[in-house]
Amino acid sequence: SMVARGVSAPDERVRRLVCLDAAEGTDAAEPADVGERIAHWIDVASAFAACPHAFASQPDVAALKAVLAAREPNWRDEVVALVARHNHACGPDGRWRPRADPAHAIREPLRYRPAEVDAIWARVTAPVLALDAAGPTPFVRDAAAFLARRQRSFRQFDRRLIEPAGHHLHLDHPERIAAAVEAFLLAPDTQ
């Protein structure tokens with residue numbers, strides 16, 4: 001969804017667009033509340049900056065792998081091991097934490113505006129392939145409405161469901177995702 005917003009101007013440099021498990025983003029909010037949301041965001045961001053261990057940690061790699069495997073039941077053992085080692089690091093205290101800025105977990109103060117996103121998507125001229133998890137996703141509040149809006153907005157839209165899959169469908173089924181993306185990108189242009 002985020003990348004699709006960036007290719008909205010008719011542009012010959014974008015030949016095709018692939019969206020993996022597109023998320024709708026945060027819910028729309030009242031414009032009058034923006035000042036309060038920004039103040040809250042600044043307070044939370046300041047608290048995160050003062051706390052270097054804001055993410056939950058695990059005592060060792062085995063515990064980390066167990067947490068990842070429980071959270072992502074579709075991942076194979078080698079994917080769990082890869083994500084554990086690549087996306088996490090052992091801190092000076094010997095505990096394993098995500099290699100990420102804890103501030104990324106702070107909810108943004110400026111809200112998603114569906115009407116604006118629809119207008120942006122309607123300007124995308126490139127063919128779009130959407131690969132979505134067949135199951136529920138935690139990032140779309142009204143999946144049916146979001147999917148209908150997205151399909152209506154893009155001019156050339158092909159949606160494929162991947163199952164079983166969750167939010168990280170590229171890790172759930174890397175070979176299937178790679179094959180679908182490759183076929184789409186290598187397909188001859190019809191225009």
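Predicted model: local features only at pLDDT ≥ 70, side-chain atom pairs only at ≥ 80, totals over all residues.

Biologist: What is the strand order in the open sheet?

Modeller: The order is β1-β4-β5, with parallel pairing. Strands (E, at least two residues) and helices (H or I, at least four) are DSSP runs, numbered from the N terminus. Two strands pair if DSSP finds at least two bridges between them.

Biologist: Why is one side of β1 and of β5 left without a neighbour in the sheet?

Modeller: β1 (17-20) and β5 (157-162) stand at the edges, so each has a single partner strand. The twist averages 15° from one strand to the next.

Biologist: How many bridges join β4 to β5?

Modeller: 6 bridges join β4 (residues 128-133) to β5. Leu129 stands opposite Asp158 in β5.

Biologist: Switching to helices. Which strands does α8 lie across?

Modeller: Helix α8 (residues 174-186) lies across β1, β4 and β5, at about 165° to β4. Axes are lines fitted to C-alpha atoms, for helices over the stretch in contact (heavy atoms within 4.5 Å). Angles run from 0 to 180 degrees between N-to-C directions.

Biologist: And how do α5 and α6 pack?

Modeller: Their angle is about 30°, with the axes 8 Å apart. Contact residues include Trp121 of α5 and Phe146 of α6.

Methods:
Residues numbered from 1 in each chain as written. Heavy atoms only, no water.
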